[in-house]
Amino acid sequence: MRYKLTFVVGLALGYVIGTRAGRERYEQMKKSAKHFAQNPAVRNATESAAQTGRQAAGKAFHVVGDKLPHSVADRVHALRERRQGSNGKVYEDDDWGTSNT
């Protein structure tokens, strides 16, 4: 309950400060964030972190994979194979979390 209250108070405070700052300040912060995100050092660090995360997830799956029910493991394998085509290209559109039911 304490954390929910802290979150709501922070959200309200952010809203009030944001409305007082106005649209111009919002556009300035947006421009600064975009400039920061396009910095080559930030992009390299982001990609490095993403690659490390993918490797860690792959290792974790291999450790836990034998303990998963076969239906879950088969689904993960099928999605990974479908996401990565025969040419080795990784496709970004996958259906994680979707259902055909």
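Analyst: Buried means under 20% relative accessible area, exposed over 50% and partly exposed in between (1.4 Å probe, protein chains only). This is a predicted model, where local features need pLDDT of at least 70 and side-chain atom pairs 80 or more, while totals for chains, interfaces and linings use all residues. Residues are numbered from 1 along each chain as written, and side-chain values use heavy atoms, without hydrogens and water.

User: Thanks! What percentage of the residues of the protein reach a pLDDT of 70 or more?

Analyst: pLDDT is the predictor's confidence per residue, from 0 to 100. Averaged over the protein, pLDDT is 78. The share of residues that reach 70 or more is 78%.

User: Which pattern does the protein follow along the sequence?

Analyst: Let's start with the elements, taken from DSSP runs (helices H or I, at least four residues; strands E, at least two) and numbered from the N terminus. The protein has three helices and zero strands. Reading along the sequence therefore gives the pattern α-α-α.

User: How many salt bridges does a search of the whole structure find?

Analyst: To count, a side-chain nitrogen of Lys or Arg must be within 4 Å of a carboxyl oxygen of Asp or Glu. Another is arginine 54 with glutamate 47, at 2.9 Å from N to O. Over the whole structure, the number of salt bridges found is two.

User: Where do glutamate 27 and arginine 23 both lie?

Analyst: Glutamate 27 and arginine 23 are four residues apart, about one turn of the helix. The helix that holds valine 8 runs over residues 2-37. Glutamate 27 and arginine 23 both lie in that element, helix α1.

User: What is the relative accessibility of glutamate 47?

Analyst: Arginine 54, which meets glutamate 47 in a salt bridge, counts as partly exposed at 44%. Glutamate 47 is likewise partly exposed, with a relative accessibility of 46%.

User: Finally, what percentage of the residues of the protein count as buried?

Analyst: The protein has 101 residues. The share that counts as buried is 8%.
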